[in-house]
Amino acid sequence: MKTNGAAGAAMHGTLEAVLARATRAGAAAADAVMVESTAFAAGVRLGEIEKLTDARERRLGLRVFSGASVAIAATADLSPSGLERFAEDTVALARVTAPDPLAGLPDRSALATDAPDLDLFDPAATAPNPDQALAQARAAESAALAVDARLSNSEGAEFSQDASTIAYASTLGFAGSYRRSSFHLGVEPVATHEGGMQRDFWYTRSRHLAHLEDPVAIGQHAAARTLRRLGARRVKTQEAPVVFESTVAVSLLGHLAGAVTGQSLYRGTSFLLGRLGDTIASPLMTVVDDGRLPRGHGSRPFDAEGLPTRRTIVLERGVLASYLLDTYSAKRLS
């Protein structure tokens with residue numbers, strides 16, 4: 001597997017060191033993940049600066065196996081002595097943990113062998129431009145308030161960006177890393193009319209700065225969404241067709257995703273347990289989980305176990321076609 005430049009190589013060196021320490025401390029197997037991230041945000045309200053934040057973080061997570069027992073721990077102390085103590089303490093924790101015969105790393109043959117470039121990273125995310133960020137936020141807010149005189153207030157507008165490098169390695173010999181970035185711009189105007197007050201929002205989000213939507217268009221759309229709430233009234237109880245807008249539809253898909261994941265299935269809390277092959281939705285509905293969608297916000301070349309991501313049809317024309325399982329949940333459900 002390839003690494004992403006000097007940063008990725010340095011992170012792999014740290015991961016290999018902590019895995020070696022865990023093995024020396026008695027671990028039969030182990031894997032570790034390291035994340036280095038930066039985050040910047042600039043917010044305004046009625047044109048005035050309300051927030052400027054700039055944060056950096058490095059953290060490491062370690063999973064060790066001792067016999068049939070497993071322990072998971074995390075640390076931000078990446079000094080040699082800190083890693084030594086961390087590895088020893090995690091192995092000691094595994095030794096007193098109740099055994100689980102299904103716990104373990106995936107089969108070596110199943111590990112990812114490539115890390116395709118999914119276009120998840122924009123170098124601009126590592127170099128914040130406060131003036132540009134504030135200008136974007138102000139443009140979105142002013143565009144929203146200019147739409148209608150009833151838009152007299154605002155909860156503010158915010159521009160944010162983040163960048164991270166993720167590296168994973170295991171005692172199976174796997175080592176890989178990738179980078180990702182994200183940019184976001186949102187605004188929330190407030191409208192008042194005849195003693196009533198309403199608010200709504202809109203936003204744009206992208207892996208690349210250049211692909212964010214125009215701030216003026218975002219502001220105007222947020223304004224239209226807010227104004228349509230004025231004069232809202234309750235409708236009588238009735239049966240009627242319902243169309244869910246995209247922001248609500250996403251939450252419905254979230255419930256579906258939670259019901260097809262391994263943990264909810266083997267714990268018996270999913271309403272879709274044992275329903276593979278059943279029709280659970282309209283034949284007009286197909287849902288695909290694509291971990292290798294270019295620029296996708298959920299995309300990555302490999303998962304948290306070093307297994308390759310892929311395109312999986314979860315719901316095909318209303319029929320439940322697949323669950324989404326990791327190694328442990330697959331063993332529990334087999």
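**Backbone, helix faces and aromatic pairs in a predicted chain**

Good morning. I begin with R295, which is found in the loop between β8 and β9. Element names follow DSSP runs numbered from the N terminus, with helices being H or I runs of at least four residues and strands being E runs of at least two.

The model is predicted, so local features need pLDDT of at least 70 and side-chain atom pairs count only at pLDDT 80 or more, while totals for chains, interfaces and linings use all residues. Residues are numbered from 1 along each chain as its sequence is written, and side-chain values use heavy atoms, with hydrogens and water left out.

Returning to R295, its phi is near 65 degrees, a positive value in a residue other than glycine. Most residues other than glycine have a negative phi. R295 is partly exposed, with a relative accessible area of 40%; here buried means under 20% relative accessible area, exposed over 50%, and partly exposed in between, with a 1.4 Å probe and protein chains only. R317 also has a positive phi, of about 50 degrees, although it is not a glycine. R317 sits in the loop between β9 and β10, and at 62% relative accessibility it counts as exposed.

Now the chain as a whole. Its secondary structure comes to seven helices and 10 strands. The C-alpha atoms fill a box of roughly 70 × 50 × 35 Å, taken along the principal axes. Of the 334 residues, 40% are buried. Contact means heavy atoms within 4.5 Å. Among the contacts with a separation of 6 or more, 69% are between residues 24 or more positions apart. The accessible surface comes to about 17900 Å², and 52% of that belongs to carbon and sulfur atoms. These areas come from the Shrake-Rupley method with a 1.4 Å probe, and for residues only the protein chains shown count as cover.

I turn to two helices. The expected span of a helix is 1.5 Å times one less than its number of residues. Helix α2, residues 80-95, has 16 residues and should therefore span 22 Å; its end C-alpha atoms are 23 Å apart, which agrees. Which residues of α2 are buried? They are G82, L83, F86, A87, T90, V91 and A94. Seen down the axis of α2, these buried residues fall within an arc of 160 degrees, so they line one face of the helix. The arc is that of the directions from the helix axis to the C-beta atoms. An α-helix has 3.6 residues a turn, so residues three or four places apart point the same way. The face of α2 turned away from the buried side carries the exposed residues D89 and R95.

S66, in strand β2 (residues 48-66), touches A94 and R95, not counting residues up to four places away in sequence. At 17% relative accessibility, S66 counts as buried.

Helix α5, residues 246-260, has 15 residues and should span 21 Å, and its end C-alpha atoms are 21 Å apart, which agrees. Its buried residues are L256, A259 and V260. They cover an arc of only 95 degrees around the axis, which puts them on the same side of α5. What covers them includes α6 (262-266), β8 (287-290), β9 (311-316) and β10 (319-320).

Finally, the aromatic rings. Rings of Phe, Tyr and Trp (its six-membered ring) pair if their centres lie within 6.5 Å; planes under 30 degrees apart count as stacked, over 60 as edge-to-face and the rest as tilted. By this rule there are six aromatic pairs. How are the rings of F174 and F302 arranged? Their centres are 5.3 Å apart and their planes at 75 degrees, so the pair is edge-to-face. The pair links distant parts of the chain, 128 residues apart: F174 is in the loop between β4 (153-170) and β5 (175-193), and F302 is in the loop between β8 and β9. Both F174 and F302 are buried. The rings of W202 and Y203 have their centres 5.7 Å apart and their planes at 40 degrees, so that pair is tilted. W202 counts as buried at 16% relative accessibility, while Y203 counts as partly exposed at 33%.

Y168, F174, Y178 and F302 form one aromatic cluster.
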